[in-house]
Amino acid sequence: MTATAAFAPGLLAAHQIQALRDAGAIRSGSPPDGAAPVLQPASLDLRLGRRAWRVRASFLPGQDRTVLDGIRAQSADELDLGQGVILEPGTVTVVELDDRLNLPAGLRAAANPKSSTGRIDVFTRVIADRARRFDTIEPGYDGPLYAEVSPRTFPVRVRAGSRLSQIRFTSGDNRLDDDAHRALHAAAPLVAGAEPIIAGGVAVSIDLAGFDRSGLVGYRAKRHTGVIDVDLVDALDPSDYWEAIHCRARRELILDPGEFYLLASKESVRVPPDHAAEMTPFDPLVGEFRVHYAGFFDPGFGCAEAGGAGSRAVLEVRSRDVPFVLEDGQIVGRLVYERMSEPPRTLYGAVAGSNYQAQGLKLSKHFRKG
């Protein structure tokens, strides 16, 4: 494939990504388990390959080096993920991905952690050869992809074929400006409740009022836990890994530096079938904390027609260097919506791996439901 004339401007849907695969723009090997690539409505799950390297520090290759050049410069130890390995918190491992790209000119790609990856506090970024930015693949890129994997709180077991990241593909300009966000919200509300604040996206606030009679508002990760196998679903007892947080009369929460929290938005979020959305990066003007580093929302998330009415945004929250007070209703992020090149043929909630449709405050798929 050498051109993108067949793609209208916008984010590519699953069937368009499959067309890229069929044309050889995305090439994949065969993990030991033989698992087929998993397409979400507007993204492709990236699978870990067998080769990995424990490095001393994160790095970007820059315009004159490959990722392997950067790995060799650190005299890194090579690991074989064929049988699975345990990655400890605080370590940095670079893994060659099973997928590589040969993008046509005019088609760019972006990656981010999967929701399940973010909810267990595994920091993951995709790196391309000669890249000067993480998670960004320039038009025309032809080469391998790598994932930098760094658990922050829990030790995790990964293996060849594990899926920690997802990639999406974009033709042309597809992000909405504020006027387009207002028009889209007027046509069908993007968030439920009061009229949203729209400035650089749709404002999302924190819920510290409680989700049920118990007053549950979130979870704080425990330290010194067992290993989380990233490929196991509904397998772990939440109480072994999480401390439940309940609301107080003042409806506020003090974030302790270095601790990891799962909280949820006050608003129910809706992503129309012909759009996708992304939570914007941390804004240093709103406080000393980071929110939601696994921030991609597929078409159909929260849509009643896809079984998702009432879906909240679950937020991964970490304070930076000082304690910080969060208050109920405080704005903590913004959703930026993107146009689809074509609507997907299947919405989020109706495909394999749609674990968070109609969610309230939900832990990752690895934990047994209460």
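This is a short chat about a predicted model of one protein chain.

Reader: What should I know before I look at local features and side-chain atom pairs?
Author: The model is predicted, so to speak of local features a pLDDT of at least 70 is needed, side-chain atom pairs count only at pLDDT 80 or more, and totals for chains, interfaces and linings use all residues. Residues are numbered from 1 along each chain as its sequence is written, and side-chain values use heavy atoms, with hydrogens and water left out.

Reader: How many helices and strands are in the chain?
Author: The chain has 4 helices and 25 strands. Both are DSSP runs numbered from the N terminus, helices being H or I with at least four residues and strands being E with at least two.

Reader: How much of the chain counts as buried?
Author: Of the 370 residues, 56% count as buried. Buried means under 20% relative accessible area, exposed means over 50%, and partly exposed is in between, with a 1.4 Å probe and protein chains only.

Reader: Which residues of helix H1 are buried?
Author: In H1 (residues 14-22), the buried residues are Ala-14, His-15, Gln-16, Ile-17 and Leu-20. After H1 comes Gly-24, with a positive phi near 90°.

Reader: What covers the buried residues of H1?
Author: The cover includes strands E1 (10-11), E2 (26-28), E3 (39-40), E4 (43-55), E8 (107-113) and E13 (163-171). Contact here means heavy atoms within 4.5 Å.

Reader: In what sense do E8 and E13 pair?
Author: Antiparallel, over 7 bridges. Two strands pair if DSSP finds at least two bridges between them. Ala-110 has Arg-168 in E13 as its bridge partner.

Reader: And how many bridges join E4 to E13?
Author: There are 4 bridges, and E4 and E13 run antiparallel. Arg-47 stands opposite Arg-163 in E13. E1 also pairs with E13 in the antiparallel sense, over 2 bridges, and Gly-10 stands opposite Ser-171 there.

Reader: New topic. How many aromatic pairs are there?
Author: The count is 8 aromatic pairs. Rings of Phe, Tyr and Trp (its six-membered ring) pair if their centres lie within 6.5 Å; planes under 30 degrees apart count as stacked, over 60 as edge-to-face and the rest as tilted. One of the pairs is Trp-242 with Phe-260, which is tilted because the planes are at 45°, with the ring centres 6.1 Å apart.

Reader: Where in the chain are Trp-242 and Phe-260?
Author: Trp-242 is in strand E17 (residues 242-246) and Phe-260 in strand E19 (residues 260-268), 18 residues apart, and the pair links distant parts of the chain. Trp-242 is buried because its relative accessible area is 4%, and Phe-260 is buried at 1%.

Reader: Why is the pair of Phe-297 and Phe-301 edge-to-face?
Author: Because their planes are at 75°; the ring centres are 5.1 Å apart. Phe-297 is buried, with a relative accessible area of 5%, and Phe-301 is buried, also with 5%.

Reader: Which residues form an aromatic cluster?
Author: Phe-154, Tyr-219, Tyr-241, Trp-242, Phe-260 and Phe-367 form one.

Reader: Which ring does the charged end of Arg-152 sit over?
Author: The ring of Phe-123, 4.5 Å from its centre. Arg-125 lies over the face of Phe-134, 3.6 Å from the ring centre. A charge sits over a ring if NZ of Lys or CZ of Arg is within 6 Å of the ring centre and within 35 degrees of the ring normal.

Reader: Is Tyr-146 buried or exposed?
Author: Buried, with a relative accessible area of 1%. Tyr-146 is found in strand E11 (residues 142-151). Leaving aside neighbours within four places in sequence, its contacts include Trp-53, Arg-125 and Asp-129.

Reader: Last one, Asp-229. What is it in contact with?
Author: Leaving aside neighbours within four places in sequence, Asp-229 contacts Arg-157, Arg-159 and His-366. Asp-229 is in strand E16 (residues 228-229) and is buried, with a relative accessible area of 12%.
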